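Me: I have a structure open and would like to go through it piece by piece. Could we start with the ligand?

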Amino acid sequence: MLNKAILDKRLNRIIHLYDNLDDLIESLPVKLPDGAKSKVKQLIFSNKEINETIANLKERRPPRLILVGRTGVGKSSLINAIFGKYIAKTSPVAIGTNQLERYNYEADGDVLFEVIDTRGIAESSTNQNTSAEEDFTKAVQAFDPDAVLFLSDATQRARMDEDVAYIKKVYQDIGFEIPLVTVLTHVDNLEPARIKEPDQYTESKLRNIREKKQQMEDLLQELQVKTSKVIPVSTYIEWDRPDPHLLSREEQETLTIDFDGRYNIEELLDFLEHNIDFRAAIHLMMSTRIDKAVKRISKLIIEAFAIASTAIALTPIPVSDMAVLVPLQLILVIFIAYLSGADVDKDSAKEFLLSIGGVGILGYGLRTLAQQGSKFLNLVLPGSGSAVSSTIAFSGTYAIGKAAQAYYIDKKSKNELEAIMKEASEEAKKKAPE
Ligand SMILES: Nc1nc2c(ncn2[C@@H]2O[C@H](COP(=O)(O)OP(=O)(O)OP(=O)(O)O)[C@@H](O)[C@H]2O)c(=O)[nH]1
Ligand SMILES: [Mg+2]
C-alpha cells in the first residue's frame, strides 16, 4: 500500500534527477545533435512552472495552523478526524506567553501539523491586557501560519457570539490575509441527534446544519478575511477501546475505528488543500489522501513540461525542434514513471514513448514526428529543419504526459492510451497558452 514514506522516496528521486539534470540528459537513450542537450537543459531550467513545482516538492512541510477554540469544542477530535487516526500531541514549546501553546501533532514520528493553540486567551474574555496581545501578535508573526482553524460548537448557540467576537479580535491583530476556516463542530448532535451515520442524515437534520452554517456566516459577515469558509462537521469516532485519552501513547497509536461518524471532513480537506501554501498542501495530501497528492503532482508536472515545450517554437535554435522536444518528453515520462513508483530505466521510458508514438501521434497532429518515420523510431533526430508550432508542442507534450499518467499511475493498458491521448489533446487546445 502506498504510504507517505514511500511517496517521500519517490519525490526525492524526482528532485534528485532534476538536481542532476546534466547526468540525466547525458544518459538518455537518444542520439542528439550538437546543441540539443544544452537546449533541453535550458528549456527546463528556465521554465517558471517546472522550477516552482520542483521547489514546492523540495520544500514540502507540515501545515502551520492556529487553532482557536475553547476547551471541549473538539480541536483534538478534529485532528483525529482529519487523519482517521488517534493523533498524539507533542509537549508544548514555550513561546513567551502562557496563554498560547505551541505544539505539534505527530504520528509514526512524522509531524502532521504544527499548531499554536489559543485556548488560553479564548477563555479569558476579561483579558484586555495589551502586552498579552502584543505577545500574541509577535508569536503569530514568528510562526507564519498557513491558516486559522476557528472551532465553534454548533450546539452551543449562546457561545457562538462570544467566539465570533474573539476571532474578530484575533484578525485585527494578525491581518486579514491568513485564510480562515470556521469549523462548526458537533453537528451530529443537532436534531435528530440520535442519527450518527453521516449517510443517513435526514432532511431535517441537514436543514438544521444549513441553518447553523447560515447563522455563523451572518455573524462573520463584516469580518473581511480574504479567504474564508464555514464548514459544519462531525468528528464523531468510536475507537476500539474506551477512554483513549487515558491510554499510553504507544497504545493510542494502535487504536482503530469501530464506528465512523465523520461528516464533511473531505470538504474541510478540499478547502485547506486549495487555499494554503502549496508546500504545506502537498504534505497534508500526502498524509491524508495520498492518491490525490500523486494526481495533483502529476498534473503539475505535465502542465509545466507542456508549457516548457512551447518555448521550442519561440526561440530560434540551430537544431530541429523534434531533437529538443523528444528528450524533453522522455524526461517527462521518466518523472511520471518515478512518481508512480515504477522502476523504469531510461530505455523502457523510450520504449513507452515510441509505443504511444505509434498509436497516437499521427492521430493528434504531431505530423512532424510521423514524417521522421524510421528516423524517429531509432530516435536519431535530425540536425535541422522540422519546425513545430508552439500549440502542437504544447498539446503533444501534454498528451504524452497524460498517457504516461494513465499507464504508469492509473495502470491503464496500452490499447486504452490512444483514446486518452486524443481526449488530452482536445483538453490541451483549451489550456494552451496564447
Ligand atoms: N458527538 C461529537 N462529539 C465530539 C465532536 N467533537 C468533539 N467531540 C467530543 O467532545 C469532547 C471534547 O473534544 P476534544 O477534541 O477533546 O476537545 P478539545 O477542543 O481538544 O479540548 P481541549 O484539548 O481541552 O482544548 C470529547 O469527548 C469528544 O469526543 C463532534 O463533532 N461530535
Ligand atoms: Mg484537545
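Me: How far is an oxygen atom of ligand 1 from an N or O atom in the side chain of S76?
Reply: The distance is 2.8 Å in this model, with the oxygen belonging to the ligand and the N or O atom to the side chain of S76. Please note that the model is predicted.

Me: And what about G74, how far is a polar backbone atom there from an oxygen atom of ligand 1?
Reply: That separation is 3.0 Å, and on the protein side a backbone atom of G74 takes part.

Me: Which atom of ligand 1 has a polar side-chain atom of D188 by it, and at what distance?
Reply: It is a nitrogen atom of ligand 1, and the polar side-chain atom of D188 lies 2.6 Å from it.

Me: How much of ligand 1 does the protein bury?
Reply: The protein buries 70% of the 650 Å² that ligand 1 exposes when taken alone.

Me: Which residues come nearest to ligand 1?
Reply: There are 15 residues around the ligand, and K75, S76, S77, D188 and T235 come nearest.

Me: Which helix gives the most to that shell?
Reply: Helix 5, which covers residues 75-83, gives the most, with three residues.

Me: How does the shell split by class?
Reply: Nine of its residues are polar, four are charged and two are nonpolar.

Me: New topic. How many salt bridges are there?
Reply: The count comes to 34 salt bridges.

Me: Let us take E114. Which residue does E114 form a salt bridge with?
Reply: The partner is R102, and the closest N and O atoms of the two are 3.9 Å apart. E114 belongs to strand 4 (residues 110-117) and R102 to strand 3 (residues 101-107), so this pair ties together parts that are twelve residues apart in sequence.

Me: Why does E114 count as buried?
Reply: E114 counts as buried because its relative accessibility is 19%, and the cut-off for buried is under 20%. R102, with a relative accessible area of 21%, is partly exposed.

Me: Where do D161 and R157 lie?
Reply: Both lie in helix 8 (residues 157-174), four residues apart, which is about one turn of the helix. D161 is partly exposed, with a relative accessible area of 39%, and R157 is partly exposed at 34%.

Me: What does E273 form a salt bridge with?
Reply: E273 pairs with R289, and the closest N and O atoms are 2.8 Å apart. This pair links distant parts of the chain, 16 residues apart: E273 is in helix 11 (residues 265-275), while R289 is in the loop between helix 12 (278-288) and helix 13 (290-314).

Me: Are E273 and R289 buried or exposed?
Reply: Both residues are buried; for E273 the relative accessible area is 2%.

Me: What else is E273 in contact with, leaving aside its neighbours within four places in sequence?
Reply: Besides R289, E273 is in contact with A281, L284, M285, T288, K292 and R296.

Me: Last one, L151. Where is L151 found?
Reply: L151 is found in strand 5 (residues 147-153), and at 1% relative accessibility L151 counts as buried. Leaving aside neighbours within four places in sequence, the contacts of L151 include L67, V68, V73, G74 and K75.

Me: How far apart are L151 and L67?
Reply: They are 84 residues apart along the chain, and their C-alpha atoms are separated by 7.6 Å.

Technical notes: Residues are numbered from 1 along each chain as its sequence is written. Chains are lettered from A and ligands numbered from 1 in the order in which they are written. This is a predicted model: local features need pLDDT of at least 70, side-chain atom pairs count only at pLDDT 80 or more; totals for chains, interfaces and linings use all residues. Side-chain values use heavy atoms; hydrogens and water are left out. A residue is near a molecule or strand if one of its heavy atoms lies within 4 Å of it. A polar contact is a pair of N or O atoms within 3.5 Å; within protein, one must be able to donate a hydrogen and the other to accept it, and residues adjacent in sequence count only if both atoms are side-chain atoms. Accessible areas come from the Shrake-Rupley method with a 1.4 Å probe; for residues, only the protein chains shown count as cover. Helices (H or I, at least four residues) and strands (E, at least two) are DSSP runs, numbered from the N terminus. Ala, Val, Leu, Ile, Met, Phe, Trp, Tyr, Cys and Pro count as nonpolar, Asp, Glu, Lys and Arg as charged, and the others, Gly among them, as polar. A salt bridge is a side-chain nitrogen of Lys or Arg within 4 Å of a carboxyl oxygen of Asp or Glu. Buried means under 20% relative accessible area, exposed over 50%, partly exposed in between (1.4 Å probe, protein chains only). Contact means heavy atoms within 4.5 Å.
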